[in-house]
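Subject: Structure handover

Hello,

Here is the structure for your files. My notes follow below it.

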Amino acid sequence: MSYREVFVFPNNGQDRIVEAFVGEYASGKSEAAINRALELFSAGQSVTLVDLDTVEPFYTIRPLKEALIAKGLNVISFSRSDSFGLGETGAMLHPQARWTLMHEGSLIIDVGYGVHGIRTLNLIEGAYESPELEIVAVINSCRPMTNSVSKIVDYIKELGRIDAIVANAHLGDETTVKDVINGNMIITRAADILNIPVKYAGVDEKLRDEISKIDLSWRIKYFTRYMPQAMW
Amino acid sequence: MAIAPATPKSWYLPTKPHKFCPGCGHGIVLKALGENIDELGIQNDIIFGCDIGCSLLAWDFFACDSTQTHHGRVTPVMVGLKRSRPELLTVGYMGDGGGYSIGSQHLLNAAVRNETITLILVNNTNYGMTGGQMSPTTLPGQVTETTPLGRDTAITGYPTKGPEFLSTLTSDGAYIARATVSKYKQLKRFMRNALRNQIEGNGFSFLEVLATCPTNWRTNAQQTWNFLEDEIEKEFRVGEMKTPFGKGDKEVAVD
Amino acid sequence: MEKIVEGSTRAFLTGNETIAWASLVAGAEFMFGYPITPQNEIMHYWTRLAPKYGRGFLQTEDEISAGFTVCGAVQGGKKAFTATAGPGNVLMQEPFGMAEAMRLPMVAIIQQRGGPSSGTVIYSQQEVNLTTFGGNGEGYRIVYSTASHQELYDYTIKAFNTAWTYRFPTFILGDGYQAKMREPLELYDPQEKGITLAESFPLVGLPGVIGENRQPQHLNNIYSLEEELYEKVMTFSAVFEKISPEIVEYEEDSCEGADIILISHGVVSRAARDAMLILRSQGIKAGYFRPVTLRPFPDEALKKVILQSNAKKALIAESSYGQLTRLIKQSIYGETINIDTLYKPGVGIVDYDIINKVKSIL
């Protein structure tokens, strides 16, 4: 039996999407992953969002799990209520995450930061062999380790295989149009050097009016920010 | 013919005579250390660190920079100093309680990491400064304040064999030996090797020295010597267990 | 050597990363650490950054060792630090005590988690007692309680300067929320900002030749007689009290003429300030007071604020059960202001928690 026969599931007649978002803390990878999952769901797909943060698993999409399920996503993550009363911090890896590829429908995987980079994907059986998998690096040029073309190039090289980049220059609530334009230009230049496509630039929904007036060469996706609610 | 001076040059004379009990083994160990410091010419390079216990009485013993720490903690202080100032020679000085009991976690991890420090552990088979309680190296049957009927191995196990376990834990470059104050020339030579090993940057160096404690043993001079030579040295094998200098000392009793 | 931070830039970071960057620009040369949540990313980022700038790191066998290796490194004259939380903070009280006794300029970052015992790995303000007065002594420590990433950056730089200027162990008291939150801050080179970095100096391993041009250094922390220790402790007390006015820091806002003063520290003070503004917009005269240094505590400032405000009530809000209140009560002994409390041990406090409490007691 070929690999495809075992692991590849169609999604309402379309090829399904399997995307893994990797990036540093505060790069916006969880935000990008959530927004992407909701976008696919809106387009009529069945979508599973997988939390694969193993370094600091207690500060990720866990507090958002119920809200995201209410929006229609299937979420593989522990929730706060799963943990309550356990008397301990809980397991790091949700058992279902290991077999994520067996789920039908599209898969969006939020890979937590760690020095192992994309090697964390080894925790999902069959991920590397999957012809469907696209590994997306989320880069925020407002972070000191990725704030120049050369640093971004070095950083992405360290990550290993990266198929696409989401340019996500931002300063949280303080993000200005200038941050978006200057930052994403730096990221795009690095992507050109690496010959990795920039899928789109992520921009806070709040900046839509201002950004949409500007003629920009890259594709824009407006992000609704969910992660600020993930803290208390 | 040159006559050796009565006290090593590196001893700090304002604090002499020293504070150890008459017949205590520490004085002999510190004499060997002083003479080695003089002969190796390292008085200005050495940082002498004391643990708690009787070893702390040596805190101002040498005309060398020194620091006195907490019980069991001289090892991490020496590690911190050496890591931040690799050009210095750090010598930690401790007893069997500080090294093998409360500080054993530090001792074995420093050994495993092959820290380039020298540790000297004076083993007199009891906690001297706190009044003669059982220590990890108390002999089976030995009476101490906390083993009034003698150490019962069924309850408290057998004496800790420090150099033996450290030899197993350490990697190449380590120097591990046990000496005794009853064989001064050998003690001095082993100590020189333990210092030389750090000077050459080979790795972890550890010397246990079997020593006398007549005050807590309640022994007179002859009994003290007998207990050391006839009982302690039978329990604890003297020799170089591990050395980066070739075959090791010839006096090693090979099993 | 490559410059660590060029000019001054806005950046988006977690709190723990912020501390790693701040320690770098403050000139820290060595970190000794042991894993415990929620401080881990301080080590994670330090170990990624340190080799690029010739700085050192050692992961020790436990927190006791991490604290004592820092003691050794600062005795050798190097700016060194550690970071811990909860049970690790308990274990580090032993080396912190040695640092007090020997006036060692060590820096420790505390990211508070829930307690007692292992508690939670997430958040609390329950390490106030431990960090200010945790040792077997009188608490000769300097403790900065931060509230934002900008403060984590600013005060980490300041902590190294304070430690090496005054020679008392110096602490950044953060918490798990600050450790993990992401928010923008300004990264800068302190020297370009006109901040002079305190010089480090060795206490042992000094240059020179012993007996020729210098005396041997004999450092100790144990004494034979009560009187010897008494002299030492009284000297420490005198020094600590003398320098305290130079060190204490606090924030005060709108207390004059207030009916109620909201007192809090650390990350809770952000909620308290918001609460004060909202209450004022609703016609309730609330004031805001926040000690930045918990040790030494801004006693005089708080007394003065209470006196001048004429407020009849104070509300103390803390994510612990009275640890801040204890510090406040001993500071303002003799004042007749009525004290109410909002205690949420190990749980976050938001502006409406405080607003609702104020409305229930006014």
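First, a term for the sheets: two strands pair if DSSP finds at least two bridges between them. Helices (H or I, at least four residues) and strands (E, at least two) are DSSP runs, numbered from the N terminus.

This is a predicted model: local features need pLDDT of at least 70, side-chain atom pairs count only at pLDDT 80 or more, and totals for chains, interfaces and linings use all residues. Residues are numbered from 1 along each chain as its sequence is written, while chains are lettered from A and ligands numbered from 1 in the order in which they are written.

**Chains**

Two residues are in contact if their C-beta atoms, placed from the backbone, lie within 7 Å. Chains A and B do not touch; 23 Å lie between their nearest C-alpha atoms. For classes, Ala, Val, Leu, Ile, Met, Phe, Trp, Tyr, Cys and Pro count as nonpolar, Asp, Glu, Lys and Arg as charged, and the others, Gly among them, as polar.

**Chain A**

Chain A has 8 helices and 10 strands. A residue is buried if 20 or more other C-beta atoms lie within 10 Å of its own, exposed if 12 or fewer, and partly exposed in between; the C-beta atoms are placed from the backbone. Of the 232 residues of chain A, 45% are buried. Take the contacts in chain A between residues at least 6 apart in sequence: 70% join residues at least 24 apart.

Look at strand β7(A), residues 133–139. Buried residues make up 6 of its 7, so β7(A) is largely enclosed by the rest of the structure. Strands of a sheet pair through backbone hydrogen bonds, either parallel or antiparallel. β7(A) pairs in the parallel sense with β8(A) (residues 164–167), over 4 bridges. There, Ile139(A) stands opposite Ala167(A). β7(A) also pairs in the parallel sense with β3(A) (residues 18–22), over 5 bridges. Ala20(A) has Ile135(A) as its bridge partner in β7(A).

**Chain B**

Helices α2(B) (residues 74–84) and α4(B) (residues 104–112) pack at about 35°, with their axes 8 Å apart. Axes are lines fitted to C-alpha atoms, for helices over the stretch in contact, and angles run from 0 to 180 degrees between N-to-C directions. From α2(B), Thr75(B), Pro76(B) and Val79(B) meet His106(B), Leu107(B) and Ala110(B) of α4(B). That contact has 4 nonpolar, 2 polar and no charged residues.

Lys82(B) is also in α2(B). Is Lys82(B) buried or exposed? It is buried, with 25 other C-beta atoms within 10 Å. Lys82(B) and Thr116(B) are 34 residues apart in sequence, yet 7.4 Å apart in space, C-alpha to C-alpha. Beyond four places in sequence, the contacts of Lys82(B) are Leu88(B), Thr90(B), Glu115(B), Thr116(B) and Ile117(B).

**Chain C**

Domain bounds come from an automatic or database domain assignment. For chain C it gives domain 1 (8–188) and domain 2 (251–361). Their centres, taken over C-alpha atoms, are 27 Å apart. In the contact, 22 residues of domain 1 touch 19 residues of domain 2. β6(C) gives the largest share of the domain 1 side, 4 residues. By class, that side has 8 nonpolar, 12 polar and 2 charged residues.

A nonpolar core is a set of buried Ala, Val, Leu, Ile, Met, Phe, Trp, Tyr and Cys residues joined through C-beta atoms within 7 Å. The largest one has 236 residues, and Met106(C), Ile261(C) and Leu262(C) have the most contacts inside it. Helix α6(C) (residues 149–166) gives the most to this core, with 9 residues. Both domains of chain C give residues to this core, so it lies between them.

Chain C also has an open sheet of 7 strands with mixed pairing, in the order β3-β2-β4-β5-β7-β6-β13. Its edge strands are β3(C) (56–59) and β13(C) (293–295). Neighbouring strands are turned by 20° against each other on average, direction ignored. Within the sheet, β4(C) and β5(C) pair in the parallel sense over 4 bridges. α6(C) lies across β5(C), β6(C) and β7(C), at about 160° to β7(C).

Best wishes
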